[in-house]
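Have a look at the model, then read on.

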Amino acid sequence: MPAGVAAFAGTLPVGQARRRNPAFWPLIIVAVVAAIVVLLLDAAKGAVPAALFSAWFGGGATWWPLVYGAAAIAGHVRPYFGLFRGGGKGVATALGSVLGVSPSIGLVLLLAWIVAVAIWRYSSG
């Protein structure tokens, strides 16, 4: 039996019990801050190469920044150091890549994601 179930057996569901108990609030705050940091780092992983190569190849080949953004997404989904297994879904890295290549399109996609999460209460499965 999980510790959360044992501690709050018969009162509320585990998630609700933890959220309403003030003793768990510092842990929740740390978890939210950690999630935001990971989200920003994953987005930067895609945005930095795409933005750098957009600046370097400004008037020339416009497809190179897309290639480097796609490489960042592929490296996130199938990491070399994980022997090409595991990895994440690449959603934040893809958003960062789009923001690096075209900030206006990236902001539209970010707004669409925020609206979808607000409506369906579901981010990505």
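A word on terms before the packing: a helix axis here is a line fitted to C-alpha atoms over the stretch in contact, and the angle between two axes runs from 0 to 180 degrees, taken between N-to-C directions. Keep in mind that this is a predicted model. In outline, the protein has six helices and zero strands, and its elements run α-α-α-α-α-α from the N terminus on.

**Overall picture**
- The protein has 125 residues, and 17% of them count as buried.
- Its accessible surface comes to about 8,800 Å², with 76% of that belonging to carbon and sulfur atoms.
- Take the contacts between residues at least 6 apart in sequence: 38% of these join residues at least 24 apart.

**α4 against α5**
- Helix α4 covers residues 64–77 and helix α5 covers residues 91–101; their axes come within 9 Å and cross at roughly 165°.
- Angles over 145 degrees count as roughly antiparallel, so α4 is roughly antiparallel to α5.
- As for handedness, α4 and α5 make a right-handed crossing.
- On the α4 side, the contact is made by Pro-65, Leu-66, Gly-69, Ala-72, Ile-73 and His-76, while α5 brings in Thr-93, Ala-94, Ser-97 and Val-101.
- Sorted by class, the contact of α4 with α5 has six nonpolar residues, four polar ones and no charged ones.

**α5 against α6**
- Helix α6 spans residues 103–120, and its axis comes within 5 Å of the α5 axis, with a crossing angle of roughly 145°.
- From α5, the residues making this contact are Leu-95, Val-98, Leu-99 and Val-101; from α6, they are Pro-103, Ile-105, Gly-106, Leu-107, Leu-109 and Leu-110.
- By class, the contact of α5 with α6 comes out as nine nonpolar residues, one polar and no charged.
- Val-101 of α5 turns up here, and Val-101 is also listed in the contact with α4.

- Asp-42 sits in helix α3, which runs over residues 25–56.
- Is Asp-42 buried or exposed? Its relative accessibility is 17%, and the cut-off for buried is under 20%, so Asp-42 counts as buried.
- Setting aside neighbours within four places in sequence, Asp-42 is in contact with His-76, Ala-92 and Thr-93.
- Two of these partners link back to the packing above: His-76 of α4 and Thr-93 of α5 both take part in the contact of α4 with α5.

Terms used. Residues numbered from 1 in each chain as written. Predicted model: local features only at pLDDT ≥ 70, side-chain atom pairs only at ≥ 80, totals over all residues. Heavy atoms only, no water. Helix = DSSP H or I, 4+ residues; strand = E, 2+ residues; numbered from the N terminus. Buried < 20%, exposed > 50% of the residue type's maximum accessible area, 1.4 Å probe, protein only. Contact = heavy atoms within 4.5 Å. Parallel < 35°, antiparallel > 145°, perpendicular 65-115°, else oblique. Left-handed = near helix turned anticlockwise from the far one by under 90°. Nonpolar A, V, L, I, M, F, W, Y, C, P; charged D, E, K, R; others polar. Areas by Shrake-Rupley, 256 points an atom, 1.4 Å probe, with all protein chains shown as cover.
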